[in-house]
Amino acid sequence: MKVVVCTKQTPSTTAVFTVENGRVSWSDPSGDKPNVVNPWDEYAVEEAIRLTENHGATEAIALTAGPPESDEALKTCLAMGCSQAIRVTDDAFVGSDTLGTARILAAAINKVGEVQIALFGKQAIDGDSGHTAVQTARKLGWTPLTYVSEIKSINDGQITVERLVEDGKETVTANLPVVISVVKEINEPRYPSFMGIRKASRATIPTWSAADLEIEGRLGTTASKADWSHVYPIPAREGSVEIIEAETVAEQARILVDRLFEEKVI
Amino acid sequence: MNGVWVWIENRDGEIIAISKEALGVGRRVADELGQPLTALVFGHDVGGVAEAAFNLGADAVLGADDETLATFRVEAYGPLLVQLVQEREPAVVHGR
């Protein structure tokens with residue numbers, strides 16, 4: 001049983017964003033790592049590795065669609081303990097929305113072959129849509145199990161998981177293969193080991209292009225159903241501060257109460 | 001273009017809070033487009049939920065009431081919703 005964990009390289013949580021003419025860019029003034037493995041995906045990577053440790057999975061393969069910089073994120077996955085990493089990339093992929101990305105990932109998962117579980121983080125911290133896992137499931141024809149907080153058992157072609165829903169938890173059993181998106185309650189992601197980092201730094205990561213994959217449907221900007229046409233920074237809030245000065249605290253309090261009455265706050 | 005649909009999540013016979021908000025937004029979008037607002041209610045014994053959706057501003061309710069829909073399962077709910085959308089072609093389907 002092979003497990004694929006789909007990951008996305010996203011801006012780091014400490015990155016500083018600027019928006020100019022609808023284009024977003026970011027940098028990390030506190031360090032040199034403006035991009036990281038999407039933090040939600042770390043839980044999926046950890047769970048993929050645990051499936052090899054505890055549930056008899058033969059391989060935990062990290063998969064990402066993205067430019068060469070994304071190799072950094074894949075190397076983090078390898079350093080944590082993934083057995084292999086694959087990057088899919090092609091000029092034709094650029095500008096794909098979540099549905100296009102799902103088509104690419106589904107084709108790559110099919111090419112890997114014999115995959116029983118595809119893991120995702122619950123969403124990416126940049127796009128925040130949470131669509132890709134479910135859309136990939138649909139493209140594969142597999143059952144999506146979202147917001148999974150525990151993998152309870154895998155037996156006889158079936159998987160039982162616990163899902164975190166608004167009012168509590170629900171236990172669901174589904175036939176394999178499945179696509180799972182995980183929440184942070186599922187585990188505590190491990191830190192890459194020193195040996196893992198050394199091994200990952202030497203790893204060459206294979207890349208697959210559109211020609212290597214049997215992708216159903218159109219891709220790229222022109223095929224995208226969603227267009228991020230209006231990206232703008234949150235307008236700065238306007239406000240003013242008034243410092244009340246008086247001889248005594250009691251006098252300050254009296255003026256404050258008067259002012260609050262005037263402003264109809266009280 | 002056949003109206004604005006809002007997906008209503010219900011639990012224990014009640015519309016959950018975020019779906020009530022979605023109905024509010026749906027009402028505004030429907031009024032802007034000059035189209036009717038339809039609430040989608042799936043589940044079992046959801047007559048009361050449908051009624052509540054009317055009270056919250058829906059012009060119509062598309063309901064699917066069956067024992068097999070008592071618990072949300074994407075494999076049961078998904079194809080049903082897809083079929084309804086393909087048959088009736090709403091302008092907007094609005095979830096949470």
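**Note on aromatic rings and charges over rings**

1. One aromatic cluster is formed by W7(B), F42(B), F72(B) and Y77(B). The model is predicted, so local features need pLDDT of at least 70, side-chain atom pairs count only at pLDDT 80 or more, and totals for chains, interfaces and linings use all residues. Residues are numbered from 1 along each chain as its sequence is written, chains are lettered from A and ligands numbered from 1 in the order written, and side-chain values use heavy atoms, without hydrogens and water.

2. Rings of Phe, Tyr and Trp (its six-membered ring) pair if their centres lie within 6.5 Å; planes under 30 degrees apart are stacked, over 60 edge-to-face, the rest tilted. Over all chains, the count is 5 aromatic pairs. W7(B) and Y77(B) are edge-to-face, because their planes are at 70° and their ring centres 6.0 Å apart.

3. W7(B) is in strand 1 (residues 4–8) of chain B and Y77(B) in helix 3 (residues 74–88), so this pair ties together parts 70 residues apart in sequence. Helices (H or I, at least four residues) and strands (E, at least two) are DSSP runs, numbered from the N terminus.

4. F42(B) and Y77(B) make a tilted pair, 5.6 Å centre to centre with 55° between the planes. F42(B) counts as buried at 2% relative accessibility. Y77(B) is buried at 7%. Buried means under 20% relative accessible area (1.4 Å probe, protein chains only).

5. Now chain A. The charged end of K111(A) sits over the ring of W208(A), 5.0 Å from its centre. K122(A) lies over the face of W40(A), 4.4 Å from the ring centre. The rule: NZ of Lys or CZ of Arg within 6 Å of the ring centre and within 35 degrees of the ring normal.

Conventions
Buried means under 20% relative accessible area, exposed over 50%, partly exposed in between (1.4 Å probe, protein chains only).
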